[in-house]
Amino acid sequence: MDVSELIAQKPYSMGIEGNSIPVVLSTRIRLARNLSAFFFPGWAKEDQRNQIFSLCTEALRGINALKKGVSFRIEDISELDRHILVERHLISRELAQCQSGCGAVISSDANCSVMINEEDHLRIQMLRSGFELSSAWRSMNALDSKIEEKLDYAFSSKLGYLTACPTNLGTGLRASVMLHLPGLVFDGLMEKIIRSVNHLGMTVRGLFGEGSDATGNIFQISNQQTLGESEKDIIKRLHNVLSVVIEKETEARQRLCENAPKSLYDKIGRAYGILTHSHELSSTEAMNHLALIRLAVDYGFIPGEKRADIDRLLIQCQPGHIAQLMDKNTSPEERDGYRADFMRKECSLIPEPQFV
């Protein structure tokens with residue numbers, strides 16, 4: 001498999017059809033790891049980064065979960081391919097901007113990716129649809145153990161796994177869950193939730209992580225502390241915090257439907273009208289309107305089997321994916337026109353919301 005074959009697949013859906021907790025779109029477990037005999041990537045010279053890349057890719061190709069996947073150097077793939085991989089959360093924006101001696105290995109099912117020579121020698125990611133912290137961690141723990149059999153990790157008996165950034169010392173674990181929280185936003189409670197979550201040692205970011213906006217009222221919540229707690233304790237504490245956030249979102253949605261139904265119907269109806277009739281549509285507009293249609297599914301105004309299609313469109317409306325569909329270099333204005341055409345076609349297959 002090569003990068004073009006991976007990208008040609010339908011994008012990994014952030015949600016899951018039949019998800020028993022529709023508030024949650026996806027789960028990610030990430031580990032930061034470094035090799036003991038080398039400088040961190042930020043200090044390593046180009047020939048050292050190339051040596052690290054070769055060592056890591058050789059080791060990773062010998063692991064069953066990654067054997068049929070794709071490995072590549074960042075400098076060998078196009079800017080558009082990098083953009084698409086970022087939009088699918090398979091590589092970071094930072095890795096996409098790297099030059100020589102950096103790259104990734106991605107499993108054929110796109111459930112796992114390992115970035116090489118980003119901030120750390122290895123950034124191992126495990127992705128799951130829905131609220132799957134425990135199962136994602138079990139898969140990650142097994143994969144990490146197999147990699148450690150092949151590579152000598154930098155480890156301190158006092159500090160744990162050594163990382164380029166001190167905030168990742170210890171377990172090197174960042175667990176995050178992506179949530180759709182329109183109820184809390186519309187109810188004016190999101191700032192209070194963010195403060196409470198931060199006080200509990202968690203952080204709240206937008207769709208694409210640090211520095212990104214919460215477009216479509218989609219937020220990522222993850223642990224901040226990696227030192228002084230075991231991986232299981234971090235996962236358990238995050239799960240407990242997220243369970244409360246999910247409960248508060250569910251309550252806020254109920255209040256919204258009971259106290260301001262006309263306002264809710266109006267937001268959803270306008271979103272459906274724009275998606276099915278517009279002729280210019282930015283990625284931000286498309287995401288905001290699709291998120292309202294997703295909310296309509298959660299309320300039962302639109303059949304539940306359409307949620308997976310909407311979650312797919314949340315990715316396909318991004319600039320890189322639109323440029324891929326157009327199969328040419330385009331201006332933002334051209335993409336906005338094509339995106340509107342694409343959304344009219346796709347959303348015409350979604351039944352009009354039924355509010356009664």
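Trainee: Which residues of helix α4 are buried?
Mentor: The helix spans residues 79-87, and its buried residues are Arg-82, Ile-84, Leu-85, Val-86 and Glu-87.

Trainee: What covers the buried residues of α4?
Mentor: The cover includes the helices α1 (3-8), α5 (93-96), α12 (307-316) and α13 (319-326). Strands β2 (70-73) and β3 (103-106) are also among the covering elements.

Trainee: Where is Thr-330, and is it buried or exposed?
Mentor: Buried means under 20% relative accessible area. Thr-330 has 17%, so it counts as buried. Its place is in the loop between α13 and α14 (332-347). Leaving out residues up to four places away in sequence, Thr-330 touches Ala-323 and Arg-335.

Trainee: What is the relative accessible area of Glu-249, and what is this residue in contact with?
Mentor: Glu-249 lies in helix α9 (residues 231-259) and is buried, at 0%. Beyond its neighbours within four places in sequence, Glu-249 is in contact with Val-23 and with His-180, Leu-181, Pro-182, Gly-183 and Leu-184. The side chain of Glu-249 reaches the backbone nitrogen of Leu-184 at 2.9 Å.

Trainee: What is the mean pLDDT of the protein chain?
Mentor: The mean is 92, and 96% of the residues reach 70 or more. Over residues 14-18, however, the pLDDT is below 50. This stretch has 20 contacts in the model beyond near neighbours in sequence. Where pLDDT is low, predicted coordinates should not be read in detail.

Key:
Residues are numbered from 1 along each chain as its sequence is written. This is a predicted model: local features need pLDDT of at least 70, side-chain atom pairs count only at pLDDT 80 or more; totals for chains, interfaces and linings use all residues. Side-chain values use heavy atoms; hydrogens and water are left out. Buried means under 20% relative accessible area, exposed over 50%, partly exposed in between (1.4 Å probe, protein chains only). Helices (H or I, at least four residues) and strands (E, at least two) are DSSP runs, numbered from the N terminus. Contact means heavy atoms within 4.5 Å. pLDDT is the predictor's confidence in each residue, from 0 to 100. A polar contact is a pair of N or O atoms within 3.5 Å; within protein, one must be able to donate a hydrogen and the other to accept it, and residues adjacent in sequence count only if both atoms are side-chain atoms.
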